[in-house]
Protein chains: 2
Amino acid sequence: MILYDANAPGPNPTTVRLFAHERGGLEFDVVTIDLVGLENRKRRYLTDVNARGEVPALRLDDGSVVTEITAICGYFDEVAQGGRPLFGETPQERAVIHMWTRRAYLEAVLPFVNYWRGGEAAENAYRGHRILQPEARRSNRLLAERGLNQFDEDLAGGTYLAGREATMADILLYAFMATVIEGEGINWLNVPQRPNVAAWYKRMAAREASKKMLASLPAHFQN
Amino acid sequence: MILYDANAPGPNPTTVRLFAHERGGLEFDVVTIDLVGLENRKRRYLTDVNARGEVPALRLDDGSVVTEITAICGYFDEVAQGGRPLFGETPQERAVIHMWTRRAYLEAVLPFVNYWRGGEAAENAYRGHRILQPEARRSNRLLAERGLNQFDEDLAGGTYLAGREATMADILLYAFMATVIEGEGINWLNVPQRPNVAAWYKRMAAREASKKMLASLPAHFQN
């Protein structure tokens, strides 16, 4: 397997890195794509790897390519040797983790990513390669705040989103939050007024896999 | 199992209905929630079924509740007796179908649902129970158009999104498109300028499961 990773990892590559550290039992080569130079938007990458120009992407041993971070992590989860599956071990566990992963993405991650994409830094980074929604910046912030408020209620008395163990849902939410808090200074994502989310964030940050992931980020993500 | 379904099925309940028809081998009771009267936003539903006020929801035999349409369908896929799995049979198939399902949702479905939610009909239907984004209506339409244009390229020479067989990805995209085209008249979703999407849409509409799903919709979804 070859993982196409990024030289300036935004939250998508970071999520796959964190997943790989948490999951263990995986062996793959890494090819680093120059996101800063928009290598991912040039013909060679679009033709050979991913017509959508997204990073990360995973080339399987038969040469085919899988994209979408949850699909890449799901594949990793199935082919890893040993360790604990992070998508669940029974149909019910898999359904519950699937539910929390989707909630994390749609109720918090996507709104705060779209909020970030509404600013000038995103315009500069994408240089015309994405349709952005600066006009929806305020409502995207409200959607993200409301989503995180709901997670604060959900986490009351609990440890992780789907129960006592960290799963794909926590990895996704934490990787995105950590990357944009540390790298972009979007500090309203983690405030004392959401004590359960704050405690969960601290718990995630203390995990060995998270430390490895954070240590792998470029300097401007570690301020 | 008990499926909490809706009396005025928007695209989310419709997706689960279509999945159940396609998958087969499932037995569950149905409780119909009065979406028109906002029963799903009242304390009883929020406390007993789904704190997020969303329909559909699936009560498992141990009393717990799973929400999120892809998680419900994923659980159905695992517990159905006989038939063909619609989420794939091998790790690679599952990864590819997962990828296409996520692309369908994020690149087309969510933008055109958010487009619809930017209009007055949505304001009237939700009556304050959702943060809407009328200011982003135009960019949501552009995002959906661009997503569907990409699917038109992806479908060139192919039959279904993930290959020769219909999968969860097709079910999700078709159920949402059919519901809002038939029910809300959003006809720009299916135009002759996207011939491969149009042929795929016709192919999906001709399936027995789709006919059953469409026949179950209220009259205003069948004009």
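Colleague: In this predicted model, what rotation superposes chain B on chain A?
Modeller: Copies are superposed by least squares on the C-alpha atoms of residues with pLDDT of at least 70 in both. Chain B falls on chain A with an RMSD of 0.0 Å and 0.0 Å of shift along the axis. The two copies are thus related as by a two-fold rotation axis. The rotation is 180 degrees.

Colleague: Which residue of chain B has the C-alpha nearest the axis?
Modeller: Residues are numbered from 1 along each chain as its sequence is written, and chains are lettered from A in the order in which they are written. The model is predicted, so to speak of local features needs pLDDT of at least 70, and side-chain values use heavy atoms, without hydrogens and water. The C-alpha in question lies 2.8 Å from the axis and belongs to Ala136(B).

Colleague: How many residues of chain B are in contact with chain A?
Modeller: Contact means heavy atoms within 4.5 Å. On the side of chain A, 46 residues take part. 98% of the contact residues of chain B recur in chain A. For chain B, the number is 47.

Colleague: Which residue of chain B forms a salt bridge with Arg52(A)?
Modeller: A salt bridge is a side-chain nitrogen of Lys or Arg within 4 Å of a carboxyl oxygen of Asp or Glu. The rule finds eight of them across the interface of chain B and chain A. For Arg52(A), the closest N and O atoms are 2.7 Å apart, and the partner is Asp154(B).

Conventions: This is a predicted model: local features need pLDDT of at least 70, side-chain atom pairs count only at pLDDT 80 or more; totals for chains, interfaces and linings use all residues.
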